[in-house]
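Student: I would like to learn how to read the features of a structure model. Please take them one at a time.

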Amino acid sequence: MNIDTFNKLQYEDLKELVKQYCVSGLGKDLIDKLNPSSDINVVNKRLMETTEGRNILDAYSHVPLEGVFNLNPIIEKLKKDIILNPSDLETLSNFLRGCRTIKRFMKDKESYAPNLSSYSNSITELLFIEDEINRCIRGNRVDSQATKALQKIRRNIDIVEGKIKDKLNKFLNSSENKKYIQEFFISKRNDRYVIPVKSSYKHQVDGVVIEASSKGSSVFIEPQGVAVLNVELATLKAEEKEEEYQILCHLTSIAYDNLKVISINVETVAQYDMVFAKAKYSKAIDGICPKINCNGYINIIKGRHPLLKGEVVPLDFKIGEDYRTLVITGPNAGGKTVVLKTLGLLTLAAQSGFHVNAVSGTELSVFKKVFVDIGDNQSIENSLSTFSSHVKNIGDIMKASNNSTLLLFDEIGSGTEPNEGAALAIAILEEFYHMGCITIASTHYGEIKEFAESHEEFINASMTFNKDTLEPLYKLVIGEAGESNALFISRKMGIRERVILKAKNYLETKDYNTELVKRSKININKDESTTLKEEEKYYSYKVGDKVKVLDHNDYGIVYEEIDSLNNLKIFFRGTVITVNYKRLKLEIKGEDLYPEGYDITTMFTSYKERKLERDLERGSKKALKKIRKEIKNKN
């Protein structure tokens, strides 16, 4: 397996979906590290675990994994001789309680899950550690009842703090001190009890300035009578921290002494979390455990892509028994790529121990390698075109493949001259066949379909298409070669019928008309019963015809007929423009627009030009003089 295969088949997206069912980071970490196995024994063991987990969920609907946390950061601290803090110890206690709960839950589940039940034997109950932590730690701090010494120290702290507050309250309530006091409350600065005093009176109060306010309007003074008690309180606080440290060391030491057992508990619970996440996912998709083989045989019954939402057309697919190479054809957007991705992702899912969304009887093969060539890998940086990138990828795949390889090729041989592309694709498919690979390829090339028809271990398949509604049915039919339906789709999308018929003629006869057509009718070699409607016949525009200039959505008159470049001159909005015949649409023929014998050229000359012409014909000297003057000015 390689990263490109995982990315193209969205394997990591599938793992993210399963991870949502984990209750802790332990299971998520295992799924992050999970890769498809190529060992059929490992695959069967993984699927068995998921099946047993599903059996328990179906029977009990709930597994008590509460209190299971990712304990690895705490284990790392223990390994580095770092003293655990109260929060760490409470987490450890909750984890050990969760281990006890899951162990007792799994003990009597042999009938539902004999193997999963046996895993609980690896969990060791460490109730004495739980009890010791719960006795010493409470509310995320060391409890006063942890030791008699700590209890005595904290009692003395309470007494001293009471004395300090009494003295400070007397200071605040004294009428003599009211004018000095900024605010009437007891504050604490640098772990010392103080009174906020106005800055202007700081020298009038007997005491030590501990801190000043940010604006300097007040200072925090420790009155003289309180100083001794604050020193005593600081001493008691230091003794308290020392005693708490000794208690934390004691609890950390107990945990460290049982580090190996705790680590095994973590591994076992992590495995449970991952297995039950797979089982929850199976239940959510109504998945089944597929049969597994290692001989390349695949039989998917009503399979669905794990990541597709909404109404998904189920896939029936078979390969590896009578044929080892399958060529899928059919219209664009008909579902060929989805078939390839569904097959690939279901294979990776099963080899990872995931149940698949299919019907009972589905069988999948374990492959040592799965390679895909799907999508456009062109690279500007590496000067790779679409075709070059596909060929390079297939070349790398060919070097790494063996007789236990699943190959998925989308639009094989595309991106280059069709004849060469088809020939190369056939040679590639034949080479992979001789290497013993299981190969599924999609294509539009008729030559590949013909080759598959004649090869005994190749077979065609097609994606069905509703010609009435112009919609793909996303259903794979094995044994039939499909059509791309390009002409049919083009007709439905509004391409003119004469273009469709001409394309069909070229497709059937390979007789391409390269000469300019200048006649009103064209005969297309086809069934005699097929005729062209009058509006779909070729028309040779004549001078005077009224036409619609499509680019401007306005009308003009043909001024000059078509030239060798298929362009016409159109009298348009008072001037003459050049327009390609494809950008014109006949509105009214000239013969239907003007009376018989009408001089069309008069339409293109102004009144002044026509008057000047008449004056010259009758010999007007004024007109002749005017002409000579214009010639002179021009010269």
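**Reading strands, helices and loops**

Tutor: Strands β13 and β14 (residues 438–442) run parallel and are joined by four bridges. Helices (H or I, at least four residues) and strands (E, at least two) are DSSP runs, numbered from the N terminus. Two strands pair if DSSP finds at least two bridges between them. Before going on: this is a predicted model, in which local features need pLDDT of at least 70 and side-chain atom pairs count only at pLDDT 80 or more, while totals for chains, interfaces and linings use all residues. Residues are numbered from 1 along each chain as its sequence is written, and side-chain values use heavy atoms, with hydrogens and water left out.

Student: Which residue of β14 stands opposite Leu 408?

Tutor: That residue is Ile 440. On β12 (residues 369–373), five bridges make a parallel pairing with β13, and there Asp 373 stands opposite Phe 409.

Student: Why is β13 described as largely enclosed by the rest of the structure?

Tutor: Buried means under 20% relative accessible area, exposed over 50%, and partly exposed in between (1.4 Å probe, protein chains only). Strand β13 (residues 405–409) has five of its five residues buried, so the rest of the structure largely encloses it. Both faces are covered, with Thr 405, Leu 407 and Phe 409 buried on one side and Leu 406 and Leu 408 on the other.

Student: What is the pairing in the sheet that contains β20 and β21?

Tutor: Strands of a sheet pair through backbone hydrogen bonds, either parallel or antiparallel. Here the pairing is antiparallel, in an open sheet of five strands ordered β20-β19-β18-β17-β21. At the edges are β20 (575–580) and β21 (584–588), each pairing on one side only. Within the sheet, three bridges link β18 (residues 554–560) to β19 (residues 567–572) in the antiparallel sense.

Student: What does Asn 567 touch?

Tutor: Contact means heavy atoms within 4.5 Å. Asn 567, placed in β19, touches Glu 561, Ile 562, Thr 578, Val 579 and Asn 580, leaving out residues up to four places away in sequence. Its side chain also makes a polar contact of 3.3 Å with the side chain of Asn 580. A polar contact is a pair of N or O atoms within 3.5 Å; within protein, one must be able to donate a hydrogen and the other to accept it, and residues adjacent in sequence count only if both atoms are side-chain atoms.

Student: How do α14 and α15 pack?

Tutor: Two packed helices are described by the angle between their axes and the distance between the axes. Axes are lines fitted to C-alpha atoms, for helices over the stretch in contact, and angles run from 0 to 180 degrees between N-to-C directions. For α14 (residues 418–434) and α15 (residues 446–454), the angle is about 35 degrees and the axes are 8 Å apart. Asn 419, Ala 422, Ala 425, Ile 426, Leu 429 and Glu 430 of α14 make the contact with Glu 447, Ile 448 and Phe 451 of α15.

Student: Which residues other than glycine have a positive phi, and where is Glu 411?

Tutor: Most residues other than glycine have a negative phi. Glu 411 has a positive value near 55 degrees, and its place is the loop between β13 and α14. Glu 411 is partly exposed, at 22% relative accessibility. Gln 10 also has a positive phi, of about 60 degrees, and lies in the loop between α1 (3–9) and α2 (11–19).
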